[in-house]
Amino acid sequence: MEYVTPEGLRIDGRRPKELRRLDCSLDVLQSADGSAVFQMGNTKVLAAVFGPHEVEVRNQMKEDKAIIKCEYAMAAFSTGERRKRGKSDRRSQELSLVIKAALEQTVMVELLPRTQIDVYVQVLQADGGTRVAAINAAVLALASAGVPLRDLAAGCAAGYLEGHSLLDLNFQEDSAGGPDCSIALHPNSDRLVLLQMDSRLPMDTFEAVLNLAQDGCRAVASFMRQRLLEHTRKLAMARGAVRA
Amino acid sequence: MSHSSAEIDFCTQSCQHGIRLDGRACEDFRPLELELGLIAQASGSARLHLGSTDVIVGVKAEVGAPLREHPDCGRLQATVEMSSCASPEYEGRGGELWGLQLAQALEASLVPEHPEKGGGGLDLRSLSIIPGKAVWLLYVDALVLNDGGGVLCVCVCVALAALSNTRVCVCVFTMGGGAGEGDAAEPEIELEDDEEGEGGRPLQGVAEVPLIVSLGQVDNAVVVDPTCLEEQCAASVMHIAANARGEVCGVQQSGRQGVDPAALVALMERGAAAGSEVLASLHAYFKQAPQQGT
């Protein structure tokens, strides 16, 4: 199968260094303190944040910082072939930990000692890049819940197929077996808070892929920032704090 | 979600005076907002907000083997998952039991008890491809994103909407040519490309599916479509399944104090009337809604 045509087009018609269409909406759920839907092409992820609130299990309480709980679940209809996967399957649990680790570096946990923040991520449609989309959705939900953040963490994946570095792999490209590098970046402080690549790859290729993924992250971050600003402006206008 | 005793008192008293906290009359439903075809990868999908209750349903159609009891009927399997996004109490295996209970009711509502005889729900006979060998398997997966009361009613409404939006491919099958004599030639199934751009044919019998309406009995007042708080005030909640002709197809009682059998018939009639009214407006909407392919 050909992943990049001689004209330089990918299966879904994108150029190698092109992101899929991004979309997001904030505060979509009633009972959550903050929530967001983040969409990258056909990948669609919902995140909900509850808290900061009292720690439920007393001995998990940290005197000097907040603890973050994270749960990643996939809807049964989210994948191409229907599959009922519980929240407790191994892939979901691994992803919960990965997302939690990235969020712990993003939230200013030291400002909220003795509290707990629950982050729930629900994948509605899966088409590659669910872990980075999950991080993006979770960060937007945290921001809309008013949790203090060090920086916006924006995630993006990049891979390498047939001699091309490709940005933001979809499911078909993801399952082609090439290297896949998922990262999340703090764009202002320029720090990586998630880095996963599980493949053998020459150093210089890795560098090219990593740089591409970082550029992707910056683009995603500026999109997220713009949407957050628009949302906040709308809220401020509704309260009469700002005039149109 | 639990409420304080003061809240429950306040709500009970207002219901007695025929006033509901959200300004509805006793027989009103909450405002209903429906979105069709939002999950591109499913054969049919819908999302419904009824007040603050929010449920997404995705329907997936797959080819599978029929059950031995009904060799010429398709199959339908419903699941309901309480998403943790609704509330932290559903974390882990928190909402599992309730989900199972809801799924059972949903499945009973969507398909007739004896699919080979038809009637009273989706026509599973029309989902047979090769009798005894291959049938369409419909998976109806509901995801509850917020529980503001009346989840069962919403699950059925939204499953109905998703099924009305579902298209299954037209199948052509050929007996495998050149197979040796005596061998049972394996039929090959081909999914026909859709030519009309409709994405396949719609399901039959969607109009026959009954809707479940909940009625809460708060002291001597009866409220249709109770919210979470009203469910907690109610002495009993009746779930009444009614079809488009206003016939009662099923009933289930839940609550804390039981229901008076003398009042039952009046309650059921009220539920059936409300159910057929909502069904009529839903089906009118499905007809004029743009038909999305899959």
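Q: How much area do chain B and chain A bury between them?

A: About 2,500 Å², with 54% of it on carbon and sulfur atoms. Buried area here is the accessible area (1.4 Å probe) that two parts lose on being put together, summed over both. Mind that this is a predicted model: local features need pLDDT of at least 70, side-chain atom pairs count only at pLDDT 80 or more, and totals for chains, interfaces and linings use all residues. Residues are numbered from 1 along each chain as its sequence is written, chains are lettered from A in the order in which they are written, and side-chain values use heavy atoms, leaving out hydrogens and water.

Q: Which residues in chain B lose the most area to chain A?

A: B:Gln41, B:Glu81 and B:Cys85, together 24% of what that side buries. In contact terms (heavy atoms within 4.5 Å), 29 residues of chain B touch 29 residues of chain A.

Q: How many salt bridges across the interface of chain B and chain A?

A: The rule finds 1 (side-chain nitrogen of Lys or Arg within 4 Å of a carboxyl oxygen of Asp or Glu) across that interface. A:Arg82 and B:Asp141 meet in a salt bridge, at 2.8 Å, N to O.

Q: Switching topic: which residues of α3(B) meet α5(B)?

A: B:Cys157, B:Leu160, B:Ala161 and B:Ser164. On the α5(B) side they meet B:Leu279, B:Leu282, B:His283 and B:Phe286.

Definitions and conventions
Helix = DSSP H or I, 4+ residues; strand = E, 2+ residues; numbered from the N terminus.
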